[in-house]
12 protein chains.
Amino acid sequence: MILVLNGPNLNLLGRREPEVYGRATLADLERACHDAGRELGVEVVCRQSNHEGQLIDWLHGAAAEGATGVVLNPGGYTHTSVALRDAIAGIAVPVIEVHLSNVHARERFRHRSLVAGVCLGSVLGLGVDGYRLAVRHLATASG
Amino acid sequence: MILVLNGPNLNLLGRREPEVYGRATLADLERACHDAGRELGVEVVCRQSNHEGQLIDWLHGAAAEGATGVVLNPGGYTHTSVALRDAIAGIAVPVIEVHLSNVHARERFRHRSLVAGVCLGSVLGLGVDGYRLAVRHLATASG
Amino acid sequence: MILVLNGPNLNLLGRREPEVYGRATLADLERACHDAGRELGVEVVCRQSNHEGQLIDWLHGAAAEGATGVVLNPGGYTHTSVALRDAIAGIAVPVIEVHLSNVHARERFRHRSLVAGVCLGSVLGLGVDGYRLAVRHLATASG
Amino acid sequence: MILVLNGPNLNLLGRREPEVYGRATLADLERACHDAGRELGVEVVCRQSNHEGQLIDWLHGAAAEGATGVVLNPGGYTHTSVALRDAIAGIAVPVIEVHLSNVHARERFRHRSLVAGVCLGSVLGLGVDGYRLAVRHLATASG
Amino acid sequence: MILVLNGPNLNLLGRREPEVYGRATLADLERACHDAGRELGVEVVCRQSNHEGQLIDWLHGAAAEGATGVVLNPGGYTHTSVALRDAIAGIAVPVIEVHLSNVHARERFRHRSLVAGVCLGSVLGLGVDGYRLAVRHLATASG
Amino acid sequence: MILVLNGPNLNLLGRREPEVYGRATLADLERACHDAGRELGVEVVCRQSNHEGQLIDWLHGAAAEGATGVVLNPGGYTHTSVALRDAIAGIAVPVIEVHLSNVHARERFRHRSLVAGVCLGSVLGLGVDGYRLAVRHLATASG
Amino acid sequence: MILVLNGPNLNLLGRREPEVYGRATLADLERACHDAGRELGVEVVCRQSNHEGQLIDWLHGAAAEGATGVVLNPGGYTHTSVALRDAIAGIAVPVIEVHLSNVHARERFRHRSLVAGVCLGSVLGLGVDGYRLAVRHLATASG
Amino acid sequence: MILVLNGPNLNLLGRREPEVYGRATLADLERACHDAGRELGVEVVCRQSNHEGQLIDWLHGAAAEGATGVVLNPGGYTHTSVALRDAIAGIAVPVIEVHLSNVHARERFRHRSLVAGVCLGSVLGLGVDGYRLAVRHLATASG
Amino acid sequence: MILVLNGPNLNLLGRREPEVYGRATLADLERACHDAGRELGVEVVCRQSNHEGQLIDWLHGAAAEGATGVVLNPGGYTHTSVALRDAIAGIAVPVIEVHLSNVHARERFRHRSLVAGVCLGSVLGLGVDGYRLAVRHLATASG
Amino acid sequence: MILVLNGPNLNLLGRREPEVYGRATLADLERACHDAGRELGVEVVCRQSNHEGQLIDWLHGAAAEGATGVVLNPGGYTHTSVALRDAIAGIAVPVIEVHLSNVHARERFRHRSLVAGVCLGSVLGLGVDGYRLAVRHLATASG
Amino acid sequence: MILVLNGPNLNLLGRREPEVYGRATLADLERACHDAGRELGVEVVCRQSNHEGQLIDWLHGAAAEGATGVVLNPGGYTHTSVALRDAIAGIAVPVIEVHLSNVHARERFRHRSLVAGVCLGSVLGLGVDGYRLAVRHLATASG
Amino acid sequence: MILVLNGPNLNLLGRREPEVYGRATLADLERACHDAGRELGVEVVCRQSNHEGQLIDWLHGAAAEGATGVVLNPGGYTHTSVALRDAIAGIAVPVIEVHLSNVHARERFRHRSLVAGVCLGSVLGLGVDGYRLAVRHLATASG
């Protein structure tokens with residue numbers, strides 16, 4: 001199973017600054033992840049929370065839930081959360097960081113990711129397709 | 001309706017470092033906001049939380065609750081929360097940042113506000129009256 | 001009496017970058033301050049200068065003129081003038097810093113205020129209404 | 001009573017990067033604290049949460065619960081949380097910061113503690129024994 | 001057609017620090033790109049150079065050669081080349097930046113990418129599969 | 001008409017550090033500007049002041065005086081004056097920044113120009129001829 | 001003879017970000033330089049390369065080719081090339097740095113020029129006319 | 001003759017933050033300078049201004065007035081004025097910088113003096129006696 | 001045996017800034033260390049020096065003297081001495097860094113410890129009890 | 001009695017970089033101090049050492065020796081020694097920092113003084129006369 | 001065989017800033033290397049290029065050419081080239097960095113070497129003899 | 001005579017972190033220096049101290065002892081001692097800085113050398129052979 005975790009404000013997708021984040025809603029995004037999983041015969045579970053602690057709890061529980069990989073868009077916590085970084089480093093399941101927009105084309109404080117260094121890798125700026133590619137990578141590697 | 005959101009540690013008001021924050025309690029502060037609203041014929045709803053995610057959830061729900069403006073004192077999250085910034089930028093309701101104390105007369109890490117740039121404006125250092133002035137500005141502008 | 005001091009380039013109001021500073025002229029702004037004072041039974045005196053030294057001279061003379069509070073928009077000197085800071089710190093009359101635009105939504109060098117730390121407080125980004133609110137705060141506190 | 005609060009990811013102890021954090025589990029650690037308390041005739045209460053807001057709530061309630069001291073390992077929030085700092089500064093109960101590992105022998109962003117300046121003191125790098133020593137200090141001082 | 005450009009030192013692949021870059025050679029990597037293109041019915045052309053100016057020349061010529069997208073691994077020029085950035089910004093063909101290793105888990109000077117801000121997006125740390133995913137994204141979008 | 005404004009210490013020209021600024025006096029420099037204007041049939045008006053506020057006043061009045069362009073050497077205010085920057089940004093007349101010496105071959109604090117970003121352009125290090133070239137550019141563009 | 005050297009991406013002129021660089025092509029620009037030279041009876045030779053090493057080679061050969069001055073637009077190498085700086089410092093022919101756009105009104109990393117300190121001077125933001133003025137300055141000084 | 005120039009806010013002496021600046025007034029301070037001069041048979045002329053431009057004008061005129069040395073307390077301009085620095089560097093008369101308080105025991109932005117590097121020397125923190133010592137040094141050297 | 005080394009200015013204890021360091025003298029502090037050792041059956045040897053080189057010499061000789069652990073308060077050398085750091089890293093005996101006061105509640109330059117990264121751990125801000133706890137930790141571990 | 005302490009390399013005076021430090025030897029300098037003391041009826045004791053620890057020892061012993069003031073030139077330790085700073089802060093005798101040369105006209109690392117903030121004041125750049133003035137200030141104040 | 005690679009501008013040796021680089025030409029320098037090799041019975045091959053990519057190509061080919069060591073003076077690329085650093089790290093042949101002048105006695109941007117960390121070692125400021133010593137070290141170790 | 005001075009912790013050689021510093025002892029290192037001197041007919045005198053002041057005293061006495069050159073490994077003082085820098089600058093004998101390990105491949109604070117800028121040159125990372133090469137350079141130059 002592959003766990004797709006969306007962090008703060010991603011529940012606003014489609015309504016929030018559509019010129020930056022596009023018009024797809026969170027439901028559209030999650031549907032794309034499920035489709036990508038189905039295509040490869042891998043279950044995909046999607047969750048969203050605005051609470052840093054909740055995201056950490058889900059990461060801690062990922063292995064016990066049977067996840068073989070996590071796709072994580074940490075939203076604004078990307079740039080500020082050492083706790084999230086420690087959670088990723090502390091679990092055995094590989095995590096891929098995904099961002100819908102190209103964070104490097106935006107404000108300077110978005111250029112630094114505190115979590116990138118402990119993830120397997122990152123996919124930035126490719127919109128909903130970035131999630132699909134990350135699911136595909138984890139599914140292929142994890143079977 | 002105008003939503004007044006107080007962030008972490010503002011529930012300690014009156015007890016916490018009174019030489020910095022004054023002797024008014026959170027109840028006093030909220031009463032002042034209600035009074036200011038009543039004077040202008042605008043409903044005022046007050047809430048407080050120490051949880052970053054809770055503050056984000058309330059901001060997301062503001063428009064649906066009928067809020068035409070938000071007065072926000074993000075407490076310590078002012079200086080560290082990109083997630084809160086994104087929540088403010090992601091909603092259509094105007095937000096005014098308020099601080100009881102003059103943050104610029106305090107530690108250097110309090111001089112930077114991550115949220116100020118996406119708020120309508122800020123009122124700093126005017127104590128409880130700062131909330132009143134912010135309510136008045138939003139009430140007058142939003143009717 | 002409340003003294004309203006406008007610093008460099010505020011004489012251009014209405015003509016200068018109206019998308020940033022709005023369409024109100026300096027005369028409009030000063031009229032709003034006089035109105036706010038009249039409403040509260042407090043005299044308001046307004047002055048503008050592009051000269052740093054002139055602003056300092058006026059601050060020094062404020063108490064002798066009978067001012068019980070000063071509303072100060074230091075314009076570009078906000079970010080560069082230690083001399084202005086020292087003048088505010090050196091007088092007994094309380095000073096509120098006001099900016100028409102939200103300086104935190106603009107260039108990085110506008111985010112730092114050298115004077116904020118010695119003012120009573122600051123009102124940012126609320127346009128002409130910011131002056132009104134500052135006058136009201138001083139008038140209420142000083143009577 | 002002495003309150004021992006463990007922050008984010010400390011529930012992973014024993015499983016998480018054992019070369020950094022050792023093989024003792026959170027249960028082992030809490031048992032050591034209880035033992036240290038019992039030896040000195042002081043009750044010890046232990047709690048853990050991954051939620052910043054929960055830690056703040058517990059700190060606020062410490063005095064009302066009868067705590068005469070708090071041993072706090074803020075985990076990743078150490079380096080990023082002004083809200084936690086304000087909570088510690090806002091309560092009357094003394095707090096000692098504890099870290100299992102020597103944070104100064106690790107990544108640069110772990111060298112700065114936002115909470116250290118408002119704690120009574122800090123114990124770093126002495127593993128589970130660091131908690132014992134902190135309990136002992138508080139118990140002896142608060143008895 | 002999709003152009004795959006590899007920058008300095010990628011000709012050493014398989015021999016150079018295999019614990020960082022893996023054991024696949026440049027030929028293996030280019031074969032994977034060709035395969036990915038063939039699967040989607042899109043021609044893929046691969047080139048490698050250690051010369052910054054050569055990479056710029058190829059980017060300038062991409063549209064004229066019929067490229068509808070470029071996959072670019074700028075190697076060490078990622079962190080130092082404004083000229084490469086300008087070349088990407090100056091052409092109409094979309095570019096995706098790819099890195100084999102997770103640059104954020106390495107030296108600090110590798111954390112900054114001068115080119116990321118003008119690319120469509122970036123894929124980091126997913127090894128040879130990162131190239132495949134980038135080709136797929138461009139092929140699907142441009143196909 | 002083209003206005004040539006010289007800022008602080010340029011009245012010392014010829015006497016002040018001639019190995020840096022050359023032996024031409026301010027009168028020589030102004031004569032060169034008048035000559036350049038006469039050659040192109042454009043009136044040139046020259047002024048100098050050591051007062052930041054005076055320079056701002058002249059910039060504000062430029063359009064009303066009939067100036068179609070301003071050549072400005074802000075001297076030491078180049079590196080420190082946000083107020084001057086705002087004055088340039090606030091007027092409709094194009095301004096060219098000129099420096100006699102090559103500021104980049106001097107102390108580090110001279111490398112940053114606060115005004116350059118709001119000028120049309122800059123001419124540095126070409127001595128008196130820099131003024132001539134700037135007058136010529138403005139005269140040709142403005143007729 | 002005066003040598004006009006254009007660095008990386010200037011071959012894209014007219015096509016590349018015309019809102020920044022204007023609509024003139026490199027051919028137009030070089031024609032303007034030739035015209036300026038002809039007017040003053042000085043031969044002008046123009047070259048362009050995207051290769052840092054090629055630009056260095058041309059600078060080294062300038063004196064032997066009979067150049068009495070060099071007009072150099074180093075493009076993106078302006079901000080990153082110590083090697084180019086050393087080449088300019090190492091030859092006897094005076095060099096003027098020219099930029100079409102006002103680099104100070106753009107990204108922060110464009111504000112620093114590594115070559116400016118060893119050039120005779122700089123002309124920024126005056127478009128094609130900047131080249132003309134630089135040629136004129138060198139031609140007048142060098143005859 | 002020795003010129004003693006006091007900058008912004010020194011007219012407030014005795015009234016302004018007496019715990020920092022002492023209880024002596026500007027008149028007391030100037031009397032001490034005159035006394036020190038009389039003792040050594042050297043005329044002393046004292047002036048004060050809050051205007052940066054005025055201080056520059058006085059420095060420019062010092063030699064013509066017959067001054068053989070200048071004692072300068074630039075107040076807040078110390079930390080911000082390149083123009084004042086250039087004025088000191090541009091005149092032949094030696095200048096000694098004096099501060100009443102120990103600027104290094106105060107805010108960080110007061111630790112840097114832009115003028116110190118071009119003065120003969122500095123006397124800090126010795127109160128009114130610092131002026132006396134500076135007059136004495138200049139009088140003895142210039143006699 | 002456990003070696004307790006006190007660095008510069010700790011001989012002033014009791015007299016020096018008692019509001020920061022407390023009223024206990026160095027003799028009191030050393031007595032507390034001896035008592036703590038006696039209680040655990042471990043010999044404790046105490047020394048103090050203001051000389052960086054002397055502290056390094058003692059660290060080098062620790063093993064030969066039979067020390068199984070060192071408690072080190074490096075005083076002001078904490079923040080500046082790479083040589084002391086190298087001495088600690090170069091010996092086989094474990095070292096615990098102790099500070100009487102909470103260095104993080106003081107000047108910024110005291111927040112960085114150059115030695116912490118090569119010590120076993122640190123105890124800060126717990127006064128004389130910090131030494132006791134460090135002796136206890138070493139005695140228990142080494143006993 | 002007034003103690004004059006010279007730090008590292010001041011024994012080289014007269015021989016060491018005479019264009020920076022002048023031709024007077026340490027003996028000359030000490031003679032000038034003795035003369036200044038004799039003139040005011042105050043004993044002066046002079047010492048020099050290249051050892052940081054020795055300077056600290058002398059500062060600690062100053063009061064016991066009967067010193068009512070210390071003139072200290074800490075040489076290179078000025079910029080690097082927290083230990084020396086702590087020694088000055090830890091004793092009751094007032095200390096004046098003196099430097100022969102104008103450190104602000106030299107390398108950047110000489111601009112910061114770690115000791116200045118805890119001294120009574122500083123005299124910089126006035127050569128041997130700086131010592132005389134410092135002795136005079138202390139003698140007059142301490143008599 | 002030992003490969004001696006000289007980077008940009010070293011072909012100017014003898015002509016370029018001789019007060020910095022000395023009067024020996026590149027031919028002299030290469031002759032000294034050949035002589036040093038001959039003395040130790042090791043072949044020495046010398047090359048120079050101003051092209052970063054060319055230097056990388058040569059480093060890549062070093063082992064295949066039979067080189068057992070490389071002496072590299074990267075000229076201006078020393079301070080800016082991550083690509084060159086990666087090339088050195090990516091080959092098995094040991095590299096010694098050599099600079100003719102003492103880079104630490106020059107501009108600040110020359111103090112940082114991007115390549116030093118992956119070289120065997122560095123020899124700086126010893127002129128042509130530095131090359132000889134480097135050849136000798138490699139020859140002795142590899143010979 | 002050539003003086004070889006080893007600074008703090010070099011007496012630990014062979015025992016201290018042998019993976020960094022190698023297995024040769026200080027005696028081995030000094031023997032290698034003596035051998036190198038003997039080979040060239042130059043006397044070599046070796047000393048080691050952990051005391052900064054002692055190293056300064058030896059540098060001051062070098063010329064009087066007949067030294068024509070100094071080989072100096074300042075150990076940890078390299079990165080922190082302005083006093084040592086001043087001692088080197090203050091004597092007439094040339095000094096070469098030597099480090100056994102490649103400091104640029106280690107912690108960031110080891111990358112900066114405060115003494116390098118006033119030495120003749122530096123040899124880094126070549127182990128004991130670095131001393132030999134430095135002796136040889138000085139012996140040949142000083143003969």
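Colleague: Let's start with E5(A) and strand E5 of chain E: how many bridges join them, and do they run parallel or antiparallel?

Modeller: There are 3 bridges between E5(A) and strand E5 of chain E, residues 121-124, and the strands run antiparallel. Keep in mind that this is a predicted model.

Colleague: What makes these two strands count as a pair?

Modeller: Pairing takes at least two bridges found by DSSP. E5(A) and E5(E) have 3, so they clear the cut-off of two and count as paired.

Colleague: Which residue in E5(E) is the bridge partner of Val123(A)?

Modeller: That's Val123(E), standing as the bridge partner of Val123(A).

Colleague: Zooming out, how many residues does each of chain A and chain E bring to the contact, and how much area do they bury?

Modeller: Chain A gives 18 residues to the contact and chain E gives 18. The two bury about 1,600 Å² between them, with 57% of that on carbon and sulfur atoms. On the chain A side, 28% of the area buried against chain E comes from His104(A), Leu126(A) and His137(A), more than from any other three residues.

Colleague: How many salt bridges and how many polar contacts are there between chain A and chain E?

Modeller: The salt-bridge count between chain A and chain E is 0. Polar contacts are another matter: 8 residue pairs are found across the interface of chain A and chain E, with both residues at pLDDT 80 or more.

Colleague: Which elements of chain A supply at least two residues each to the side that touches chain E, and what is that side by class?

Modeller: Strand E5 (121-124) and helix H5 (128-142) of chain A each do. By class, the side of chain A that touches chain E has 9 nonpolar, 7 polar and 2 charged residues.

Colleague: Now chain J and chain H: what does their contact take from each chain, and how much do they bury?

Modeller: It takes 18 residues from chain J and 18 from chain H. Chain J and chain H bury about 1,600 Å² between them, 58% of it on carbon and sulfur atoms. They have 0 salt bridges and 8 residue pairs in polar contact, both residues at pLDDT 80 or more. On the side of chain J that touches chain H, strand E5 (121-124) and helix H5 (128-142) give two or more residues.

Colleague: What makes strand E5 of chain H and E5(J) a pair?

Modeller: Again, at least two bridges are needed. Here 3 bridges join strand E5 of chain H to E5(J), and the strands run antiparallel, so they pair. Ser122(H), for one, stands opposite Leu124(J).

Colleague: Why is Asn9(E) called buried?

Modeller: The cut-off for buried is under 20% relative accessible area. Asn9(E) sits at 0%, so it counts as buried. Its place is the loop between strand E1 (2-6) and helix H1 (18-21) of chain E. Asn9(E) also has a positive phi of about 75°, and it's not a glycine.

Colleague: And what is the phi of Asn9(H) near?

Modeller: Asn9(H) has a phi near 80°, positive in a residue other than glycine. At 0% relative accessible area, Asn9(H) is buried.

Colleague: Is Asn102(C) buried or exposed, and how do you know?

Modeller: Buried, because its 8% relative accessibility is under 20%. Asn102(C) lies in the loop between strand E4 (95-99) and strand E5 (121-124) of chain C.

Colleague: What makes Asn102(C) and Ala116(B) a polar contact?

Modeller: A polar atom of the Asn102(C) side chain lies 2.8 Å from the backbone oxygen of Ala116(B), and the distance limit is 3.5 Å. The backbone oxygen of Cys119(B) is 2.9 Å from a polar atom of the Asn102(C) side chain. Among the other residues that Asn102(C) touches are Gly117(B), Leu120(B) and Gly125(C).

Colleague: Last one: why is Val98(K) called buried?

Modeller: Its relative accessibility is 0%, so Val98(K) counts as buried. Val98(K) lies in strand E4 of chain K, and its contacts beyond four places in sequence include Val71(K), Pro74(K), Val123(K) and Tyr131(K).

Notes:
Residues numbered from 1 in each chain as written. Chains lettered and ligands numbered in written order. Predicted model: local features only at pLDDT ≥ 70, side-chain atom pairs only at ≥ 80, totals over all residues. Heavy atoms only, no water. Contact = heavy atoms within 4.5 Å. Buried area = accessible area lost by both parts, 1.4 Å probe. Salt bridge = Lys/Arg side-chain N within 4 Å of Asp/Glu carboxyl O. Polar contact = N/O pair within 3.5 Å; in protein donor to acceptor, adjacent residues only side chain to side chain. Helix = DSSP H or I, 4+ residues; strand = E, 2+ residues; numbered from the N terminus. Nonpolar A, V, L, I, M, F, W, Y, C, P; charged D, E, K, R; others polar. Buried < 20%, exposed > 50% of the residue type's maximum accessible area, 1.4 Å probe, protein only.
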